[in-house]
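Please read it alongside the sequence and the model.

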Amino acid sequence: MPNPYDDIFNPGGNQEKGDKIPPINLGASDFGKEDYPTPDKDPLDEILDSIKLFTKEAEGFSQLLTKMRAIDHKDEGSVLRYFLVSEDKHDKKSLGGERRYHDLLTDKFEKIITPMRDIAKLHYNTVQQFNRDIDKHYYSFDKSDRVVKSDKEQAINGINLQRKILADAESSLEILHKGLISTERRIKKYINVGGINNISSSEYTIIVQKREELTSGRTHHFDYSFFNVNLLDKTAISLGIYMKETTSQYLGKLEDAFLNMK
């Protein structure tokens with residue numbers, strides 16, 4: 001049975017076979033050593049080492065996602081509440097309460113997106129090297145064909161796991177994003193009402209503007225929404241048949257997730 005990844009993990013699109021995608025400098029010296037493989041080491045072994053590094057970093061990151069409990073802040077939507085005549089469970093009933101809740105969601109968002117950007121760099125470097133060095137003609141002088149096949153499958157599974165983790169983080173950020181917008185909608189009701197619950201229109205505008213810089217990814221120069229996957233994509237990942245596009249096209253878009261946010 002042909003390996004479904006032969007086409008997926010080979011250069012494609014407008015890129016000719018043999019062309020190389022240059023590693024991008026994403027501004028973190030911690031990852032510089034990942035961009036340039038040592039010449040005396042097998043490329044596939046280097047990729048597996050990169051996957052181990054990602055997994056090590058992702059272990060703590062996944063625990064962070066658990067701790068942040070973004071799901072607790074999921075907003076059911078004003079339209080749903082309208083038809084069901086249900087109360088907004090996140091309504092804090094005062095301007096002070098809404099301010100504190102907005103600060104809480106902002107803090108959680110920042111705590112997730114910063115390390116997410118770092119492991120996304122590792123993901124880019126791993127896929128970039130796989131695309132550059134490994135294809136169906138890959139041969140190792142030191143390994144049997146059976147070992148090479150096993151290592152390639154391990155690398156592909158590792159890359160798919162990376163996508164799962166990054167997609168999970170994107171989902172948490174999107175929940176917090178929507179929660180912030182809903183909180184701002186409730187804060188807006190307090191514009192010029194007077195008393196202790198009063199907020200000026202200008203202050204409200206600045207709160208929204210600062211939040212938009214954060215949730216758009218511009219603050220961290222990282223378009224986290226790139227890692228959004230739908231249910232069908234998640235199923236495909238679990239079956240090992242993810243990515244309808246070639247990896248060259250995927251890498252180009254992943255690079256844009258960093259460079260286009262500068």
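Read along the sequence, this predicted model follows the pattern α-α-α-α-α-α-α-α-α. The secondary structure comes to nine helices and zero strands.

**Chain as a whole**

- Of the 262 residues in the protein, 45% are buried.
- The protein exposes about 14700 Å², of which carbon and sulfur atoms supply 52%.
- When contacts between residues at least 6 apart in sequence are considered, 82% of them join residues at least 24 apart.

**Pairing of helices H3 and H5**

- Two packed helices are described by the angle between their axes and the distance between the axes.
- For helix H3 (residues 43-68) and helix H5 (residues 95-133), the axes come within 10 Å and cross at roughly 165 degrees.
- H3 is therefore roughly antiparallel to H5, because angles over 145 degrees count as roughly antiparallel.
- The crossing in which H3 passes H5 is left-handed.
- On the H3 side, the contact is made by Pro 43, Glu 46, Ile 47, Ser 50, Ile 51, Leu 53, Phe 54, Glu 57, Phe 61, Leu 64, Leu 65 and Met 68.
- On the H5 side, the contributing residues are Lys 108, Lys 111, Ile 112, Pro 115, Met 116, Ile 119, Leu 122, His 123, Thr 126, Gln 129, Phe 130 and Asp 133.
- Sorted by class, this contact of H3 with H5 has 15 nonpolar, four polar and five charged residues.

**Phe 222, a loop residue**

- Phe 222 lies in the loop between helix H7 (201-215) and helix H8 (231-238).
- The relative accessible area of Phe 222 is 0%, so this residue counts as buried, the cut-off being under 20%.
- Phe 222 and Arg 117 are 105 residues apart along the chain, and their C-alpha atoms are separated by 6.7 Å.

**Arg 211, a helix residue**

- Arg 211 has its place in helix H7.
- Arg 211 counts as buried because its relative accessibility is 9%, and the cut-off for buried is under 20%.
- Leaving aside residues up to four places away in sequence, Arg 211 touches His 102, His 177, Leu 180, Ile 181 and Glu 184.

Technical notes
Residues are numbered from 1 along each chain as its sequence is written. This is a predicted model: local features need pLDDT of at least 70, side-chain atom pairs count only at pLDDT 80 or more; totals for chains, interfaces and linings use all residues. Side-chain values use heavy atoms; hydrogens and water are left out. Helices (H or I, at least four residues) and strands (E, at least two) are DSSP runs, numbered from the N terminus. Buried means under 20% relative accessible area, exposed over 50%, partly exposed in between (1.4 Å probe, protein chains only). Contact means heavy atoms within 4.5 Å. Accessible areas come from the Shrake-Rupley method with a 1.4 Å probe; for residues, only the protein chains shown count as cover. Axes are lines fitted to C-alpha atoms, for helices over the stretch in contact, and angles run from 0 to 180 degrees between N-to-C directions. Angles under 35 degrees count as roughly parallel, over 145 as roughly antiparallel, 65 to 115 as roughly perpendicular and the rest as oblique. A crossing is left-handed if the near helix is turned anticlockwise from the far one by less than a right angle, and right-handed if clockwise. Ala, Val, Leu, Ile, Met, Phe, Trp, Tyr, Cys and Pro count as nonpolar, Asp, Glu, Lys and Arg as charged, and the others, Gly among them, as polar.
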